[in-house]
Amino acid sequence: MMLKNKAKKYLIAFFIVLGIISFSFKKVNGQELRIIPRAEWGANESLRFNEKGEDKWPEEYAPVQKFIIHHSGTTLKDNDKNGAVDQEDYKATIRAIYNWHAQVLNWGDIGYNYLIDPLGNIYQGRYGSDGVVGGHALDDVKNIGYNRGSVGIVILGTYGGWVYEQEQGEYLKKPEQFPEIGGIQKIGQEEQHNGRWRVRVEGNISQAAKDSLSSLISSKSKKFNISPNGYSDFVDLINIPNIIGHRDVDRTTCPGENLYASLPEIRNLAQSKYGQSVKAANINRIFAASLQGQSDSEITLKPNETKEIYLEYKNEGNTAAMKFIWPA
Ligand SMILES: [Zn+2]
């Protein structure tokens, strides 16, 4: 889920309108990484410009340090009602997200850098080339953005989370529109929350999407010399993984509990594709404190007596420590 600015309440309404479930899958394993250009998913490029022909959101570039993973928070169903959930339905979803970001929110483009569907297709999001700053991660309480220096990748679907309904039973009344396909999505319990009805949507990222996500990260990691399973400081955060979930930088449940739980596997997959030789070029930041000395090795205390002693530690790592708790 993207949060360029204070748009959360609008997003909820949007996700009710949108909705898709997948019926068929095809393997993209073993094929070369292909990123579907904007023209192929039907991006209307005129949405990026105002009536004077000016670019509403001119591109900015920054070296990539992090990959931030999202889910779209949508359900998957047969949008065009042709009897199957296929790539055309996913493209329709991407166009809807683009329209939402570019026009309704008036950003002038889609906020994500890449989108991946359950079939494993990878789509270009934000206009521009590698390193273009997107709009997908902003902590609007702290007012700190994490878009600069990160690649925002969204997996279409909901991977452990709640989807709001327009009315009670909207999803449960039409189970045929939301079948469980390959464990991708499953509509679960329904409940009332803050006066609105919502359903629980479960499921895990498909193998095809997992493969594509790790390949995409591996490819861009090579380009920007990032170790997929490494760590570094980022904005105001100390020593965080290079592949993180949206919830790691903002107050959101995105990318859903199940997709978030898959991130360690994604890191390892991306790292293995990236290769060990490149890994050696990256030095992970570590904090290692070693005891250098102490004023007393043994003290004796009478009842109610206090005595001050000191311990001297040295940071022999290569990063700053936020806190160090010494052994009891
Ligand atoms: Zn998100």
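**View 1. Buried residues of helix α4 in the predicted model.** The buried residues of α4 are Ala208, Ala209, Ser212, Leu213, Ser214, Ser215, Leu216, Ile217, Ser218, Lys220 and Ser221. A residue is termed buried if 20 or more other C-beta atoms lie within 10 Å of its own, exposed if 12 or fewer do, and partly exposed in between, with C-beta atoms placed from the backbone. Helices (H or I, at least four residues) and strands (E, at least two) are DSSP runs, numbered from the N terminus. The cover over the buried residues of α4 includes β2 (66–71), β3 (114–116), β4 (122–124), β7 (150–155), β13 (243–245) and α6 (263–274). Helix α4 spans residues 207–224, 18 residues in all, and reaches 26 Å from its first C-alpha to its last, close to the 26 Å expected at 1.5 Å a residue. The expected span is 1.5 Å times one less than the number of residues in the helix. Asparagine 225, which follows α4, has a positive phi near 55°. This is a predicted model, in which local features need pLDDT of at least 70 and side-chain atom pairs count only at pLDDT 80 or more, while totals for chains, interfaces and linings use all residues. Residues are numbered from 1 along each chain as its sequence is written.

**View 2. Helix α3 and the residue that follows.** Helix α3 (residues 87–104) also has its span given from first C-alpha to last: 24 Å for 18 residues, close to the 26 Å expected at 1.5 Å a residue. Asp89, Tyr90, Lys91, Thr93, Ile94, Ile97, Tyr98, Trp100, His101 and Ala102 are buried in α3. Asparagine 106 is placed in the loop between α3 and β3. Although not a glycine, asparagine 106 has a positive phi of about 60°.

**View 3. The largest nonpolar core and a separate core.** A nonpolar core is a set of buried Ala, Val, Leu, Ile, Met, Phe, Trp, Tyr and Cys residues joined through C-beta atoms within 7 Å. The largest such core has 49 residues, of which Tyr114, Leu115, Ile116, Ile153, Ile155 and Leu213 touch the most other members. Its largest share, six residues, is contributed by α3. Isoleucine 155 is in contact with His71, Ile116, Ile205, Ala209, Leu213, Pro255 and Leu259, neighbours within four places in sequence being left aside. Contact denotes C-beta atoms, placed from the backbone, that lie within 7 Å of each other. Another core, of five residues, lies apart from the largest one and includes Val163, Tyr171, Ile187 and Val201.

**View 4. The three-stranded sheet of β8, β10 and β9.** The strands form an open sheet in the order β8-β10-β9, with antiparallel pairing. β8 (161–164) and β9 (186–193) stand at the edges with a single partner strand each, so one side of each has no neighbour in the sheet. Neighbouring strands of this sheet are turned by 35° against each other on average, direction ignored; axes are lines fitted to C-alpha atoms, for helices over the stretch in contact, and angles run from 0 to 180 degrees between N-to-C directions. Two strands pair if DSSP finds at least two bridges between them. The antiparallel pairing of β9 with strand β10 (residues 196–202) runs over six bridges.

**View 5. The hairpin of β9 and β10.** Histidine 193 stands opposite arginine 196 in β10. The hairpin has two residues between the strands, and asparagine 194 takes a positive phi near 50° there. Glutamine 192 lies in strand β9 and counts as exposed because it has 9 C-beta neighbours inside 10 Å. The C-alpha atoms of glutamine 192 and glutamine 168 are separated by 8.4 Å, the two residues being 24 residues apart along the chain.

**View 6. Backbone features in two loops.** The peptide bond from cysteine 254 to proline 255 is cis, with omega near 10°. Proline 255 lies in the loop between β13 and α5 (257–261). Asparagine 143 is found in the loop between β5 (138–139) and β6 (144–145). The phi of asparagine 143 is positive, about 55°, although this residue is not a glycine. Asparagine 143 counts as exposed, with 7 C-beta neighbours inside 10 Å.

Definitions and conventions: Contact = placed C-beta atoms within 7 Å.
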